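Here's a quick briefing to read alongside the model. Have the viewer open and follow along.

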Amino acid sequence: MLGSDAILRSLEAEGVDVVFGIPGGAILPLYDAFARGTTVRHVLARHEQGAGHMAEGYARATGRVGVAIATSGPGVTNLVTPIADAWMDSTPLVCITGQVRSSLIGTDAFQETDATGITLPIVKHSWLVQDVEELPHVLKAAFHVARSGRCGPVLVDVAKDVQEAEIEYAYPPRVDLPGWRPPAGVHPRQVREAAAAMLAASRPVLYVGGGAINGDACDELGELAETGGIPVITTLMAKGAFPDSHELCYGPPGMHGSKWANWGLNRADVIVAVGARFDDRVTGKLSAFAPGAKVIHFDVDAAEIGKLRHADIPVAGPLKLALAELTEELRRQAGPGHPGPVAWRQQLDEWREAFPYRYAADGDYLKPQAVLETLRDLTAARDDVVWTTGVGQHQMWAMQYLVCDRPRTFVTSGGLGTMGYGLPAAIGVKAARPDATVVCVDGDGCFQMTCQELATSVLEGLPIVVVIVNNGWLGMVRQWQEMFYDERFSQTHLTHQVPDYAQLAEAYGAAGFTVDSEDDLESVLEEALACGRTAVVDARCDPAEKVFPMIPAGAAATDVIEFPEEEAVQA
Amino acid sequence: MTHTVSVLVENKPGALARVSNMFARRGFNIESLAVGPTERHDVSRITLTVRCPAEQLEQIEKQMHKLVNVLRVSTLEAGEAVERELALVRVAAAPAKRAELMTLADVFGARIADLGPEEMVFEVVGTPERLQAFEELLRPHGLKEMARTGRIGLARASVPSTPRPQHVLR
């Protein structure tokens with residue numbers, strides 16, 4: 001068979017059911033192979049960035065490896081953003097790109113770019129395939145590397161002549177990667193020490209990051225938290241890793257996290273970090289972060305342990321196994337009837353009671369928080385909802401107000417902060433899970449960065465709902481300009497009206513809705529959720545609304561700016 | 001503090017680029033770098049020297065270990081390793097000065113690699129410190145040009161008390 005067919009047979013062997021991509025010159029032979037037949041469904045994106053985020057959404061919703069396909073040159077440079085996004089959020093991704101013919105590599109040929117070079121700092125590994133015999137081995141290795149250890153993106157760049165070359169195809173049964181050995185187990189002594197430190201603590205917290213979801217360790221996490229009665233603080237990337245509505249869940253810490261979670265994390269005497277990386281958006285000023293806490297750090301990536309915060313007890317290994325062993329050890333050391341840190345939980349509950357998320361419903365404008373609350377309430381009875389978001393204010397309100405009780409139901413761009421992520425990610429989620437109710441909570445700035453993918457959604461027949469929290473501004477930037485740049489609103493005004501999002505949606509063949517008052521909010525959202533088509537809701541909101549609480553960049557995490565008290569009404 | 005890190009990598013295209021890119025991307029500075037074959041045709045050795053605190057060295061080792069082409073990362077501790085470097089030095093050598101230069105070279109075990117009417121080229125092998133000393137002594141004579149390989153190193157054979165004289169990650 002041809003190299004191009006070998007690629008598809010390899011994808012089939014890996015159990016890939018959907019891929020996302022756009023054809024072009026150097027990848028034409030692979031697309032010819034699609035025409036010859038395959039069980040792999042190809043979703044045709046309108047921009048390679050869209051294809052990449054779709055593959056990420058697919059991966060985050062399922063835990064399987066997402067696959068994006070692009071041509072050489074601008075095809076692969078357009079994929080750079082999703083690759084960087086997947087790198088920062090540890091999303092398993094295999095990108096297959098066409099490259100110019102082997103004989104032309106290095107000559108600045110038409111649409112030639114050094115794909116492996118450009119992506120070098122943002123992939124776990126990459127391959128430039130110039131020999132068709134290597135192709136099945138490389139693909140086998142690519143999937144293995146993407147999903148083993150700490151998940152992440154890989155790139156397979158395939159010269160056009162390799163796609164056209166004849167090969168005796170056989171998919172290798174195993175990979176041969178002598179240098180790739182992610183840890184398979186954990187050190188029992190460190191697990192014993194961790195359990196002892198947790199039992200000795202009076203103010204322990206579990207600080208959980210996206211690694212818990214990537215490591216398929218959410219059941220084990222739940223077991224651990226309940227066994228020890230330990231409060232769980234979940235980062236943006238970990239939303240849903242532990243049920244938001246569980247009494248031990250104290251939600252997100254960080255720049256726009258709750259006061260109770262930040263105080264809990266910073267006043268803990270033992271922090272058990274689970275697949276979290278002490279990101280600056282969580283810690284604030286690192287030197288002032290949780291000064292009294294002993295840190296136990298669980299991560300499958302040893303390089304994360306001690307990278308930013310010294311770990312008193314480092315435990316490198318797969319989280320699923322590590323947390324199961326830790327729970328076992330905790331049970332053994334605690335004996336029956338151990339009450340856990342009861343007084344500490346009461347303290348956290350008091351803080352939660354005293355400092356809830358607040359906003360003022362002052363009547364002039366629809367409030368963005370009300371949009372999120374209404375969405376939350378309308379979907380409360382469903383257990384099939386997957387949320388995606390863009391990046392900015394709406395994302396933070398989504399984090400604060402939505403309730404996610406299951407892993408892989410909150411799909412967002414955390415580390416890279418990629419505006420435009422939400423819509424294509426939602427398409428990827430829906431393609432992977434046609435049974436799910438998929439809602440993208442987006443900003444108006446974000447939506448305009450990838451809204452061409454409405455065409456993809458409509459033509460693929462994917463009934464996703466995009467709710468644009470439209471404040472007419474690049475809202476988060478506006479918030480910083482208001483608070484830290486003396487209200488000099490430089491180049492942040494987008495307007496509520498241009499474009500008319502409902503008309504834009506209709507032009508793409510989607511259902512368009514506009515709402516600008518709280519009176520109509522529920523009925524419009526209900527209609528959009530029920531319409532069975534791709535739908536866009538333009539919710540025109542208060543342009544001046546800011547996200548609170550807020551820890552200013554570089555400030556200590558305990559120096560939280562609250563919502564101005566006098567205007568406050570309880571949310 | 002200066003550390004010598006010895007990295008065994010698969011002899012594959014791009015392996016060196018991946019290692020050096022990791023340094024650049026994470027803001028680590030490489031002081032010297034030497035790459036060459038090993039006893040295995042499919043394995044190359046990269047010897048790096050870096051000046052950094054111990055915590056940063058640990059981070060460097062861990063990050064390098066994550067690279068798919070990297071087989072082993074070892075830090076060569078001072079006193080537990082044999083370290084050598086080669087330098088070629090072109091120096092002004094008028095006939096009247098040659099005897100003095102050759103005496104100097106003799107002390108350092110340097111060889112004359114080439115000789116011209118007004119200049120000569122020395123070849124010298126030794127520890128980086130020794131090469132440094134040789135360079136300083138030649139400088140007043142008119143050092144024209146110099147090329148150094150960067151240091152390479154191996155764990156000592158004569159330290160039987162340490163079963164694994166190199167610090168090996170995993």
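**Where domains 1 and 3 meet**

In this predicted model, 25 residues of domain 1 of chain A are in contact with 26 residues of domain 3 of chain A (contact means C-beta atoms, placed from the backbone, within 7 Å). Local features need pLDDT of at least 70 and side-chain atom pairs count only at pLDDT 80 or more, while totals for chains, interfaces and linings use all residues. Residues are numbered from 1 along each chain as its sequence is written, with chains lettered from A and ligands numbered from 1 in the order in which they are written.

*The domain 1 side*
- On domain 1 of chain A, the side touching domain 3 of chain A draws at least two residues from each of β1 (18-21), β2 (41-44), α3 (48-62) and α4 (74-89) of chain A (helices are DSSP runs of H or I, at least four residues, and strands of E, at least two, numbered from the N terminus).
- α3(A) gives the largest share of that side, eleven residues.

*The domain layout*
- Chain A is assigned domain 1 (3-164), domain 2 (188-354) and domain 3 (358-547), with bounds from an automatic or database domain assignment.
- Between the C-alpha centres of domain 1 and domain 3 of chain A there are 30 Å.

*A helix pair*
- Helix α10 (residues 218-228) and helix α13 (residues 319-334) of chain A have axes that come within 9 Å and cross at roughly 20 degrees (axes are lines fitted to C-alpha atoms, for helices over the stretch in contact, with angles from 0 to 180 degrees between N-to-C directions).
- α10(A) and α13(A) are therefore roughly parallel to each other (angles under 35 degrees; over 145 is roughly antiparallel, 65 to 115 roughly perpendicular and the rest oblique).
- Residues making the contact include Leu221(A) and Leu224(A) of α10(A), and Leu323(A) and Leu330(A) of α13(A).

Key:
Contact = placed C-beta atoms within 7 Å.
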